[in-house]
Amino acid sequence: MITFPKHLLEGYNAFATQRLPAEQHRYRELSVRGQFPEVMVIGCCDSRVAPETIFDVGPGELFVVRNIANLVPVYQPDGNAHGVSAALEYAVTVLKVKHIVILGHAQCGGIRAFVDKIEPLTPGDFIGKWMQMFIKPGEVVEQRDHESMAQFVERIEKAAVFRSLENLMTFPFVRKAVEGGQMQLHGAYFGVAEGTLFVLDKGSKEFKSARSVV
């Protein structure tokens, strides 16, 4: 007996009868020509923050990687398995994407776990070890005086975007593409409750409403 989630099957049926007919040509073209997205998005696994929904894009337009807290590790060719690094390598060297967007968001569980210093959820402590790459050796991240917990968490959520952008530049192929003018790096932050998007202004290093920069 098939126990596949019923609402997913219903969703597919709606897709197959409503959206697919309008985009069938696009899917067939993509199956023959392959994918050529110009934008890579590195976002969080959080189910509330789907890049394809937020940016209202169709099939083949985004190359998306999602992980806990939208983190990019530093370049570390040590022979171990590195999922984000592998996706990044493919996007930059094969797909030749022109933009990489780090998409952070409010109410991030990974950041909250880091801030609250929660006990390991499993013996492997996968989340704790993953979040440790957010900080540099010897770096201390603490709540500032006169800073509420909500302000502290939001500051760290946005700091994760900055750190991932910084770590991107440790990859030789990323640095080469950026410095050569073939690719640009961007930061963004999504407010879940209001559905608001903020983009990083590289000059002021502040997040500004996407509506004001269109």
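Partly exposed means a relative accessible area between the buried limit, under 20%, and the exposed limit, over 50%. Phenylalanine 162 has a relative accessible area of 31%, so this residue is partly exposed. The model is predicted.

**Aromatic pairs**

- The count comes to 8 aromatic pairs.
- One of them joins phenylalanine 63 and tyrosine 90. The pair is tilted, with 6.0 Å centre to centre and 40° between the planes.
- Phenylalanine 63 sits in strand β2 (residues 62-67) and tyrosine 90 in helix α3 (residues 83-93), so the pair ties together parts that are 27 residues apart in sequence.
- Phenylalanine 63 is buried because its relative accessible area of 15% is under 20%. Tyrosine 90 is partly exposed, at 36% relative accessibility.
- Phenylalanine 162 and phenylalanine 207 form an edge-to-face pair. Their centres are 5.8 Å apart, and the angle between the planes is 80°.
- Phenylalanine 162 belongs to helix α6 (residues 149-168) and phenylalanine 207 to strand β6 (residues 206-209), so this pair links parts that are 45 residues apart in sequence.
- Phenylalanine 207 is buried, with a relative accessible area of 14%.

**Aromatic cluster and charge over a ring**

- Tyr12, Phe15 and Tyr27 make up one aromatic cluster.
- Lysine 158 lies over the face of tyrosine 189. The distance from the ring centre is 5.1 Å.

**Asparagine 70**

- Asparagine 70 is placed in the loop between β2 and α3.
- The residue is buried, since its relative accessible area is 2% and the limit is under 20%.
- With neighbours within four places in sequence left aside, asparagine 70 is in contact with Ile42, Gly43, Cys44, Ile102, Leu103, Gly104, His105, Ala160, Val161 and Ser164.

**Nonpolar surface patch**

- Ile2, Phe4, Leu8 and Leu9 form a nonpolar patch on the surface. Together they have about 430 Å² of accessible area.
- Leucine 8, one of the patch residues, is in helix α1 (residues 6-33).
- Leucine 8 has 43% relative accessibility, so this residue counts as partly exposed.

Notes:
Residues are numbered from 1 along each chain as its sequence is written. This is a predicted model: local features need pLDDT of at least 70, side-chain atom pairs count only at pLDDT 80 or more; totals for chains, interfaces and linings use all residues. Side-chain values use heavy atoms; hydrogens and water are left out. Rings of Phe, Tyr and Trp (its six-membered ring) pair if their centres lie within 6.5 Å; planes under 30 degrees apart count as stacked, over 60 as edge-to-face and the rest as tilted. Helices (H or I, at least four residues) and strands (E, at least two) are DSSP runs, numbered from the N terminus. Buried means under 20% relative accessible area, exposed over 50%, partly exposed in between (1.4 Å probe, protein chains only). A charge sits over a ring if NZ of Lys or CZ of Arg is within 6 Å of the ring centre and within 35 degrees of the ring normal. Contact means heavy atoms within 4.5 Å. Patches are made of residues with over 30% relative accessible area and no salt bridge: like charges are joined within 9 Å, nonpolar side chains (Val, Leu, Ile, Met, Phe, Trp, Tyr) within 5 Å. Accessible areas come from the Shrake-Rupley method with a 1.4 Å probe; for residues, only the protein chains shown count as cover. A salt bridge is a side-chain nitrogen of Lys or Arg within 4 Å of a carboxyl oxygen of Asp or Glu.
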